[in-house]
Amino acid sequence: EPTSEVDRQALEWGRGELRPAWEKAAESIRSKASVSFGNLGERLEASQRALSPSDFGFHNALVAEDGRLRFVDFEYAGWDDPAKTVCDFFCQPAVPVPWELLDMFMGRMWEAFPAGGGLRRRVAMVLPAHAFKWCCILLNDFLPVGSRRRAFAGLAEDEPRRKAEQLAKARAALKRLGELAKVVG
């Protein structure tokens, strides 16, 4: 239930823009899935899976003395489809990666996972879903559990400002999602 003006704005935006955009994307994903894959419930072979850190991006990387990147923050890590790693890298909002680098990144992923047949198709199919996931993650402050967590951390006094910032980030993420169609079709 909205208890402030920013809550009402978020609810209105969610119902008026986010949900319709998701419904359109979900239909596209279902359509692509039915054409490209026989059984979506089928697990990938172990050799085709990768350790996915989930919150994967430059914001969670350190540069070592030898110049190589070392990634940190494996709180939500698990064995998953490398397509998820690609999607999370491009969709995380902390340090946005330009969509134009997707082909280059996919080429490097292909080198690492040559047995990952269908990786490019899977990325093209699920990238919109991951972009929506990140839009929703940005809205966590609007959930009661998010508010309680912030209050516990002593961040409750700035709640309206923080919520307005998160809503602006979610709106920007949805706009960025619109640019994705130009890249993956």
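1. In helix H3, the residues Leu-102, Asp-103, Met-106, Gly-107, Met-109 and Trp-110 meet Leu-119, Arg-120, Val-123 and Leu-127 of helix H4. Contact here means heavy atoms within 4.5 Å. By class, the residues of this contact are 7 nonpolar, 1 polar and 2 charged. Ala, Val, Leu, Ile, Met, Phe, Trp, Tyr, Cys and Pro count as nonpolar, Asp, Glu, Lys and Arg as charged, and the others, Gly among them, as polar.

2. The model is a predicted one, in which local features need pLDDT of at least 70 and side-chain atom pairs count only at pLDDT 80 or more, while totals for chains, interfaces and linings use all residues. Residues are numbered from 1 along each chain as its sequence is written, and side-chain values use heavy atoms, with hydrogens and water left out.

3. Two packed helices are described by the angle between their axes and the distance between the axes. H3 (residues 102–112) and H4 (residues 119–138) pack at an angle of about 135°, and their axes are 11 Å apart. H3 is therefore oblique to H4; angles under 35 degrees count as roughly parallel, over 145 as roughly antiparallel, 65 to 115 as roughly perpendicular and the rest as oblique. Axes are lines fitted to C-alpha atoms, for helices over the stretch in contact, and angles run from 0 to 180 degrees between N-to-C directions. The H3 and H4 crossing is right-handed, that is, the near helix is turned clockwise from the far one by less than a right angle. Helices (H or I, at least four residues) and strands (E, at least two) are DSSP runs, numbered from the N terminus.

4. There are 11 salt bridges in the structure, each being a side-chain nitrogen of Lys or Arg within 4 Å of a carboxyl oxygen of Asp or Glu. One of them joins Lys-84 to Asp-88, at 2.5 Å from N to O. Both residues belong to helix H2 (residues 82–91), where they stand 4 residues apart, about one turn of the helix. Lys-84 is buried at a relative accessible area of 14%, and Asp-88 is buried at 0%. Buried means under 20% relative accessible area, exposed over 50%, and partly exposed in between (1.4 Å probe, protein chains only).

5. Glu-27 and Arg-30 form another salt bridge, with their closest N and O atoms 3.4 Å apart. They lie 3 residues apart in helix H1 (residues 5–36), about one turn of the helix. Glu-27 is partly exposed, at 45%, whereas Arg-30 is exposed, at 51%.

6. Arg-161 and Asp-158 are also linked by a salt bridge, at 3.1 Å from N to O. Arg-161 is partly exposed at 43%, as is Asp-158 at 33%.

7. Most residues other than glycine have a negative phi. Asp-73 has a positive phi, near 75°. This residue is in the loop between strand E3 (69–71) and strand E4 (78–80), and Asp-73 is partly exposed at 29% relative accessibility.

8. Arg-70 lies in strand E3 and is partly exposed, at 38% relative accessibility. Not counting residues up to four places away in sequence, Arg-70 touches Asn-60, Ala-61, Leu-62 and Ala-64. The C-alpha atoms of Arg-70 and Phe-58 are separated by 9.6 Å, the two residues being 12 residues apart along the chain.
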